[in-house]
Amino acid sequence: MKMKSIRFNSPIGTIQASCNDQKTLLTNITVLKTPQEPLHSDIAILNLAKEQILEYFAKTRTIIDLPLDQTGTDFQKQVWKAVQSIPYGQTRSYGEVAAMVGRPGAARGVGSAMRANRFLLAIPCHRVIGANGKLGNYSGGQGVLTKMALINLEKEEAKQ
């Protein structure tokens, strides 16, 4: 089976997006830990993902709006939806996100949901930080450095 993916370079590294067999939903968007050669595609949804992500980095787009194959628990889906509502350039703590989904005290559960997030930027988990202001963990690219770069990019743009 031929992989339905696209890879392209970005300011935070090589991004890869993949879609389902029907070519209607994205199954993941991730920044790879090591650089990879670009991989082109003629699949419309993958090219749309590339276009929107590059617009985000060009600071002409603040919301990545793509059809996602969000498989997960009901709690994870609630958390992901809440995270999508965090405004560009702002952050929320894990505890604040837990409260947003009606589960105060479930900050660790929010952290677990963030680790299960397969959609870089479309579900902007980089906007979720510790209550003490520390960045916490980040699984994409170069980890916390990638998270910091995304937060700084948005805060810089939001000031203008």
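Modeller: Let's start with a term: two residues are in contact when they have heavy atoms within 4.5 Å. Keep in mind, too, that this is a predicted model.

With that in hand, take Val-83, which sits in helix 2, residues 74-84. Leaving aside residues up to four places away in sequence, Val-83 touches Val-97, Met-114, Ile-123, Pro-124, Cys-125 and Val-128. Is Val-83 buried or exposed? Its relative accessibility is 0%, so Val-83 counts as buried. As for Tyr-94, that residue is 11 residues from Val-83 in sequence, and the two C-alpha atoms are 9.9 Å apart in space.

One of those contacts, Val-128, leads us on to a salt bridge. Strand 5 covers residues 128-129, and the loop between helix 4 (107-115) and strand 5 holds Arg-127. The side chain of Arg-127 meets that of Glu-154 in a salt bridge, at 2.8 Å from N to O. Glu-154 belongs to helix 5 (residues 144-159), so the pair ties together parts that are 27 residues apart in sequence. Both Glu-154 and Arg-127 are buried.

By the rule used here, the count of salt bridges comes to three. Another one joins Arg-61 and Glu-55, whose closest N and O atoms are 2.8 Å apart. Here Arg-61 counts as partly exposed, at 22% relative accessibility, and Glu-55 is partly exposed with a relative accessible area of 23%.

Then there is the salt bridge between the side chains of Lys-4 and Asp-21, at 3.6 Å from N to O. This pair links distant parts of the chain, 17 residues apart: Lys-4 is in the segment before strand 1, and Asp-21 is in the loop between strand 2 and strand 3. Lys-4 counts as buried at 18% relative accessibility, since the cut-off for buried is under 20%. Asp-21, with a relative accessible area of 47%, is partly exposed.

Strand 1 (residues 5-10) and strand 2 run antiparallel and are joined by six bridges, with a hairpin of two residues connecting them. Ile-6, for instance, has Ala-17 in strand 2 as its bridge partner. Strand 2 also runs antiparallel to strand 3 (residues 26-31), through five bridges, and Cys-19 stands opposite Leu-26 in strand 3. The hairpin of strand 2 and strand 3 has six residues between the strands, and there Lys-23 takes a positive phi near 65 degrees. Six of the seven residues of strand 2 (residues 13-19) are buried, so strand 2 is largely enclosed by the rest of the structure.

Notes: Residues numbered from 1 in each chain as written. Predicted model: local features only at pLDDT ≥ 70, side-chain atom pairs only at ≥ 80, totals over all residues. Heavy atoms only, no water. Helix = DSSP H or I, 4+ residues; strand = E, 2+ residues; numbered from the N terminus. Buried < 20%, exposed > 50% of the residue type's maximum accessible area, 1.4 Å probe, protein only. Pairing = 2+ DSSP bridges. Salt bridge = Lys/Arg side-chain N within 4 Å of Asp/Glu carboxyl O.
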